[in-house]
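Have the sequence and the 3D view open side by side.

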Amino acid sequence: MLLASAPPSVPGWPCGPLRLPDPAVPSPASRFPASRVPPLQRRRPAAGAGAGVGACSSRGQRNCRSLDAAARMLLEPQAKLKSFSAKIVQLLKEWTEAFPYDFQDEKAMAELKAITHRVTQCDEENGTVKKAIAQMTQSLLLSLAARSQLQELREKLRPPAVDKGPILKTKPPAAQKDILGVCCDPLVLAQQLTHIELDRVSSIYPEDLMQIVSHMDSLDNHRCRGDLTKTYSLEAYDNWFNCLSMLVATEVCRVVKKKHRTRMLEFFIDVARECFNIGNFNSMMAIISGMNLSPVARLKKTWSKVKTAKFDVLEHHMDPSSNFCNYRTALQGATQRSQMANSSREKIVIPVFNLFVKDIYFLHKIHTNHLPNGHINFKKFWEISRQIHEFMTWTQVECPFEKDKKIQSYLLTAPIYSEEALFVASFESEGPENHMEKDSWKTLRTTLLNRA
């Protein structure tokens, strides 16, 4: 644990680990054995000095001062330990309240109990310390129990990990509902996507993000901590991005008529633009990714009818060159707008989550935990903390848009084609143009028919 020791330069922090007094070690008073300290001599008061008043001789006065010094030597370490105990309890209280997930591991909980036990022994007479430790432990256990129950509930509600792509029908029925039949306003759809984003990202805690760092350390040390690194919140949010991308591709590829496919592409381009204006960069990136999937990108006849000027602007913002420099500039602008916002709509900032995770990953991977002189690299951990704090600030914004349950239900439950089904639908909309595509089309079609 970090609390085992600290740099001696830290004010108020004792050098080395916190240790209990050892009865076998002679106390400072042993340096003044009784045989060496002569008894205090009483002298009869002189005439006029006041009857009954005792006085110490000069030698006796020196002995008194020596005993007082010994007593102070005994009391000063104890006073320091009491003051230090209160600081340790306060630190642990703030830690367990802010990051209870850190103590779900049995080893971490055992170390916490060992520290609190030693702190209690150092200040046995102070009932306040014992009470504070008991309250802290109880709150921590309740918090861990609540998180565990929530995790179990989410696991029960979690859909099975199977291929959700339906077996493609050659000609989908004309009356089959699509996104345009549910919502034809790009702004409204962008607002509902923002609702879903904020709802999902609000379930992510700082300790979930720190599992990224913890997981890397575990891999570097060749340890397996699979139970700790499996956080449903991160996985669910990442799956949402993939599902939205696949939904966009499905909505485009399953449309039979080229005119309707063109309209569908233009609609999603407008939705992505509205997401950008809102500050919902994650949905914007998911939509662009969906339209750049091979089954959609190969529809050249359809794309030739699309006014791509708007799409080109969006791709410029998401250009991966120079480490997504254009996106980061736009994100910085949205962050400044959020800080100076006068309305809740201007406070919304939803970054591209995959890029945020990569930033944390490389920040931890590139910079060492310790400086060449052996000191902790506080600058590195401060930067990680700053980025996580900024992300958590964004997640706490309440969505100002009115919720439309019908639209959200469609976005979350609409059937999504598998990658194979998307390719077949794409080939049936616009036939294969070369031998490689023809071979792929035949193979995929045979595979899906065999499954049926």
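**Reading rings, helices and buried polar residues**

Q: How many aromatic pairs does the count come to?

A: Eleven aromatic pairs, in this predicted model.

Q: What describes a pair of aromatic rings?

A: Two values do: the distance of the centres and the angle of the planes. Take Phe276 and Phe281. Their ring centres are 5.7 Å apart and their planes stand at 80°, so the pair is edge-to-face. The cut-off for that label is over 60 degrees.

Q: Which other pair is edge-to-face?

A: Tyr361 and Phe362 make one. Their centres lie 5.2 Å apart with the planes at 90°, so this pair is edge-to-face.

Q: Are the residues of these pairs buried or exposed?

A: Read the relative accessibility. Phe281 has 2%, so Phe281 counts as buried. Tyr361 has 32% and counts as partly exposed. Phe362, at 46%, is partly exposed too.

Q: Which residues do ring pairs link into a cluster?

A: Tyr237, Phe353, Phe356 and Phe391.

Q: What lies over the face of Phe381?

A: Lys380 does, at 5.3 Å from the ring centre.

Q: Which residues of α2 are buried?

A: Ala108, Met109, Leu112, Ile115, Thr116, Val119, Thr120 and Cys122. They cover an arc of only 160° around the axis, which puts them on the same side of α2. On the other side, Glu106, Lys107 and Lys113 are exposed.

Q: Where does Asp208 lie?

A: Asp208 is in helix α6, residues 206-220. Its relative accessible area is 1%, so Asp208 is buried. The side chain of Asp208 reaches the backbone nitrogen of Tyr205 at 2.9 Å. Then compare sequence with space: Asp208 and Asp102 are 106 residues apart in sequence, and 9.7 Å apart from C-alpha to C-alpha.

Q: What does Asn282 touch?

A: Start with its place: Asn282 is found in helix α10, residues 281-291. At 2% relative accessibility, Asn282 counts as buried. Leaving out residues up to four places away in sequence, Asn282 touches Glu197, Tyr237, Trp240, Phe241, Ile350, Pro351, Val352 and Phe353. With Tyr237 there is also a polar contact of 3.4 Å, side chain to side chain.

Q: What is phi of Ser322?

A: Near 55°, a positive value in a residue other than glycine. Ser322 sits in helix α14, residues 321-339. With 61% relative accessibility, Ser322 counts as exposed.

Q: What about phi of Asn323?

A: Phi of Asn323 is near 55°, again positive in a residue other than glycine. Asn323 is found in helix α14.

Methods
Residues are numbered from 1 along each chain as its sequence is written. This is a predicted model: local features need pLDDT of at least 70, side-chain atom pairs count only at pLDDT 80 or more; totals for chains, interfaces and linings use all residues. Side-chain values use heavy atoms; hydrogens and water are left out. Buried means under 20% relative accessible area, exposed over 50%, partly exposed in between (1.4 Å probe, protein chains only). Helices (H or I, at least four residues) and strands (E, at least two) are DSSP runs, numbered from the N terminus. The arc is that of the directions from the helix axis to the C-beta atoms. Rings of Phe, Tyr and Trp (its six-membered ring) pair if their centres lie within 6.5 Å; planes under 30 degrees apart count as stacked, over 60 as edge-to-face and the rest as tilted. A charge sits over a ring if NZ of Lys or CZ of Arg is within 6 Å of the ring centre and within 35 degrees of the ring normal. A polar contact is a pair of N or O atoms within 3.5 Å; within protein, one must be able to donate a hydrogen and the other to accept it, and residues adjacent in sequence count only if both atoms are side-chain atoms. Contact means heavy atoms within 4.5 Å.
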